[in-house]
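Here is my note on helix packing and charge pairs. Please read it with the model open.

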Amino acid sequence: MRITLINPNTSRAMTDKIAVAAREVAGPGVEVVAAHPTDGAAAIESHLDEITAARSVVDIIEADLAVGGSDAYVIACFGDPGLDAARELVDVPVIGIAEAAMHVATLSGRRFAVVTTLGRTLGRARDLLARYGMTSACASLVASGIPVLDLEDTGSDAFERIAALCAAEVAGGADVIVLGCAGMADLCHALTERVGVPVVDGVGAAVGLASAMVRMRVGTSKREEYAAPPRRHESVTSG
């Protein structure tokens with residue numbers, strides 16, 4: 001089984017980091033191939049970045065299809081950019097890490113809190129909660145104020161700041177913590193030990209669900225919305 005893990009930003013360091021997290025849960029017989037664009041947004045932190053990221057997701061999948069394709073695709077950005085377009089392109093599973101993390105969190109506890117990066121991303125997170133039917137299950141959305149690329153600095157105080165927020169949410173009644181950025185994937189286990197409740201990393205959740213769907217032979221429905229998109233044909237006029 002081959003799963004292509006797509007980091008929609010241009011950071012090689014972050015791509016390598018999330019690939020490690022993905023392979024930890026992939027299991028035997030699962031090859032995880034990590035990909036990222038060479039041009040585009042360095043971090044996905046705005047609506048404009050989301051548009052750029054969505055285009056990158058589509059480009060990477062189309063390039064992969066040209067050489068045979070994968071058994072599943074994971075979009076490793078908490079905004080789930082390009083998810084619907086990606087599902088139009090293939091009949092295999094396509095999983096966004098926000099959707100995956102939220103679903104796994106509801107299997108682990110009644111209410112979860114999302115701890116993410118910048119406050120400006122909370123609107124997108126709220127939109128996704130509503131879309132995925134998770135609004136009532138979400139106790140709160142909390143921004144750490146930490147830019148995405150700062151998560152790559154091992155000498156920063158990012159872990160302690162995130163841990164403090166997670167602990168506060170647990171004290172406030174959250175049964176589970178959802179990490180709202182793929183760049184937090186390497187913090188998952190240490191945070192679980194620190195705060196005493198399950199902490200869900202969307203990268204691991206998405207890879208686990210994708211591999212399970214492949215084994216179950218459950219792909220993307222090609223009825224109506226996710227059918228292959230109609231191709232536009234240029235009109236030819238004679239003069």
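**Notes on charge pairs and helix packing**

1. A salt bridge here is a side-chain nitrogen of Lys or Arg within 4 Å of a carboxyl oxygen of Asp or Glu.

2. This is a predicted model, where local features need pLDDT of at least 70, side-chain atom pairs count only at pLDDT 80 or more, and totals for chains, interfaces and linings use all residues. Residues are numbered from 1 along each chain as its sequence is written, and side-chain values use heavy atoms, with hydrogens and water left out.

3. The whole structure holds 10 salt bridges. Lys-17 pairs with Asp-186, the closest N and O atoms being 3.7 Å apart. Lys-17 is buried at 16% relative accessibility. Asp-186, at 44%, is partly exposed.

4. Helix H6 (residues 158-171) and helix H7 (residues 188-195) have axes that come within 10 Å and cross at roughly 45°. Helices are DSSP runs of H or I, at least four residues, numbered from the N terminus. Axes are lines fitted to C-alpha atoms over the stretch in contact, with angles from 0 to 180 degrees between N-to-C directions.

5. Arg-194 and Glu-160 meet in a salt bridge (3.1 Å, N to O). This pair links H7 to H6, 34 residues apart. Arg-194 is partly exposed at 44% relative accessibility. Glu-160 is also partly exposed, at 44%.

Notes. Helices (H or I, at least four residues) and strands (E, at least two) are DSSP runs, numbered from the N terminus. Buried means under 20% relative accessible area, exposed over 50%, partly exposed in between (1.4 Å probe, protein chains only).
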